[in-house]
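Please open the model in your viewer and keep the selection panel at hand. The stops below take one residue or one chain at a time, and each says what to select and what is there.

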Amino acid sequence: MNQGIGNEQRAMLVETATRIFATEIDHARLQTAKTAGIDRALWQVLADTGIPRLMLPEEAGGIGGSLADLAALLHLAGRAAAPVPIAETALLAAWMLDTSGVPMPEGPLTVAPVSGETVLAVRAPEGWRLNGRLRRVPWAAASEAIVLLAESTEGWVIALVDPRTLALRPGANLAREPRDDFDLVDHPLPAERVFPAGPGVSARALRMRGALARALMITGALERALELAIEHARTRVQFGRKIGAFQAIQHELARLAGEVAAARAASGSAVNALGRDDALIAVASAKIRASEAAGVGSMIAHQVHGAIGATDEYGLHHLSLRLWAWRDEFGNEAAWSTELGRSVLRSGADSLWPSLTAATRD
Amino acid sequence: MLFDNVDFADLELPASTRVLRAEVRAFLREELDSGRIQPRLGHTEFDLAFTRRVAAHGWIGMTWPKQYGGQERSYLDRFVVTEEMLAVAAPCAAHWFGDRQTGPSLLRYGSEYQRTRFLPAIVRGEAAFALGMSEPGAGSDLAAVKTRAEKVDGGWRVTGQKVWTSWAHKADAFFVLCRTTPLGDDQKADRHAGLSQLIVEMKSEGVTVRPINFLNGRHQFNEVWLDNVLVPDAMVVGEIDSGWKQVTSELALERSGPERFMTTFPLLIELVRRFEKSDDARALEAIGRLVARFQALRRMSLGIALALDPASGGHGRDLATEASLVKDMGTLYEREIVEAARLLVSIEPDASALTDEDSLAAFERYLAQTIVCAPVATIRGGTTEVLRTIIARRLTGKL
């Protein structure tokens, strides 16, 4: 993994991304994205900064950023409700491609499978044939290529599939971000589009990375929802007082802040755990805690806003719709809790405390 | 917004704490295996012999300056010792308040005489402190304390009543928050002014300690009556009339420590034991969730300890809001463990679990002990309601 770009350069990158999201994204753009799917203009501005290739090493045309560097950007993307596949391109596809020594194509990318399906790849005279039924592939129609993880008799392979060659069944998550289905039935691919997967690339590793990406984005979105709720409580007057002066509202704001803080701690803590043997505790905890926070926190944000927050014309819903979608993607809190619980019970009672305290910095 | 200056991705304990943790763990394992200590949940027991053995390892006052007997170790080292003690519910009451509150207060506000006299004694496990804060009419509203001190030649005469004073019957001395300047009739006067902190030795003439039994039937709490007790000037902590600032200035570490979310943790361990190798779907999900929530709270707590730790390059920024959030959520989390254990394992805990240490399996004992002590954690050290009000005011500013 890259060492990262250093504190100073990360601060510059965060500043740049913050400025881009602030100038590019507004309520109208987000409304448009509900039907258009991806915001291509925003994507282009981000691409010009090199953000999609942040984690590639410099010799591969990247910036040499670490996962922690990218995590800071995913947080911002979540805050902004950015309708672009940054996580899919810069985190998931870039990792699968770079680890496998495959040059990264230009443009927005996505990955599959994301919903636990199996794709089988078999050798054929023309190269390879792929079979699988894929569901809820993020941004598939909008992407230049789908980086597909498939099982073969030779182990995991990754295949670069052009979405224009597929019969996509368009769908969308609750926030209207594209989530498309397609079937691969003896789908032919030339040999030069299929590669042995690099070390550590597996369906499980992909699911963990996806879960972490969503946890980081949830944290950003919920943090922004908290800010909106605070601002509303400071300005909205009812019964002759600012509503933030009412203890009932104050306590709800405090609960929301707690959800944001817990999501931030859990998701941030999982960033450097990826790739470690004991990554499950950190990554599962991140997705569980962030998903819980998404549900509890979004309800509080709306309750504080009253009817104002529940309308199409007010910005809160761009965040809450994403929170309700992202908490279910790459495994919801029940799925990850069950997996984490199984691991804890298998290791046994006397391993619980040592495993929770294992991580140290060398 | 929240935790803006804490980089959780890079927040790992330094390798040096691994050695310390192994030492503490081995020590506690030996204490437990030999039967010298018996874990008890709900409140931490007062066991002076145990405290002296902990002291012999240098684990009390370990962050304090060497000149006062400390070891100048990092907050993270102290964090590790604390969480290891909590993970086995070790009986720490005899040094708990000295290590967490009295010592840091004296280091910040105490006189050289007070530091020299008390800090090395705390470090050796030879001086146990209690805290005389609450009164019958001053719980959450601490500024309402009525205990008063009047200036006399060479000191102060203190009269009043403290209540819910933990382990006052075993302590050597306690910090008394009292009014040194009367409030007067002005309704708009600053109620936080005119309060002071005095160190009162329990053996002083005029101090009477009476037990109040706790919900679990045990004696931890006390009423402490002060009847014209003479307290020398040398026992005034910091400035006269600055007691409020002194009491509230160092709450960040106090509110965010592992003791705010770990007091029922041994029950979680025993719950896991009950379901080891099981495939019970409810247990899998419930335990997974409890572990995830624990992880989030521990990382928050660790993030604050690291940020405040000068020895670890901490920036010392104000994390009082985050600290209050740890206490708010952590104390509620402790109850979630109890409720999950109760519902996943359908037993009716027997009352003997509250008094007889050996009669029942650990799970049943811990369950009974934590159920009857469940209301306390969200009250002591700032009620949930007070905390949430403080948090919200910090978020919104003055309205």
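Select Pro65(B), which at 25% relative accessibility counts as partly exposed, a class that lies between buried (under 20% relative accessible area) and exposed (over 50%), with a 1.4 Å probe and protein chains only. The model is predicted, so local features need pLDDT of at least 70 and side-chain atom pairs count only at pLDDT 80 or more, while totals for chains, interfaces and linings use all residues. Residues are numbered from 1 along each chain as its sequence is written, chains are lettered from A and ligands numbered from 1 in the order in which they are written, and side-chain values use heavy atoms, with hydrogens and water left out.

Setting aside residues up to four places away in sequence, Pro65(B) touches Gly70(B), Glu72(B) and Leu107(B), where contact means heavy atoms within 4.5 Å.

Now widen the selection to the whole of chain B, which has 12 helices and nine strands. Its radius of gyration is 21 Å, close to the 21 Å that the globule rule gives for 399 residues, so chain B is as compact as a globular protein of that length; the radius is taken over C-alpha atoms, and the rule is 2.2 Å times the number of residues to the power 0.38. The C-alpha trace spans about 70 × 45 × 45 Å along its principal axes, and 56% of the 399 residues count as buried. Among the contacts in chain B with a separation of 6 or more, 73% are accounted for by residues 24 or more positions apart.

Next, select the cysteines. How many disulfides does a search of the whole structure find? Over all chains it finds zero, a disulfide being a pair of cysteine sulfur atoms within 2.5 Å. Cys92(B) is in no disulfide, and the nearest cysteine sulfur, that of Cys373(B), is 16 Å away. Cys92(B) is buried, with a relative accessible area of 4%, and Cys178(B) is buried as well, at 0%.

Move to chain A and select Trp156(A), which lies in strand E5 (residues 155–161). Is this side of the tour buried or partly exposed at Trp156(A)? With 30% relative accessibility, Trp156(A) counts as partly exposed. Beyond its neighbours within four places in sequence, Trp156(A) is in contact with several residues, including Leu149(A), Glu151(A), Val201(A) and Ser202(A). Pro196(A) is another of these contacts, and it sits 40 residues from Trp156(A) in sequence but 6.3 Å away in space, C-alpha to C-alpha.

Finally, show all of chain A, whose secondary structure comes to 11 helices and 10 strands. The radius of gyration of chain A is 21 Å, close to the 21 Å that the globule rule gives for 362 residues, so chain A is as compact as a globular protein of that length. Its C-alpha atoms fill a box of roughly 80 × 55 × 40 Å along the principal axes, and 60% of the 362 residues count as buried.

Methods:
Helices (H or I, at least four residues) and strands (E, at least two) are DSSP runs, numbered from the N terminus.
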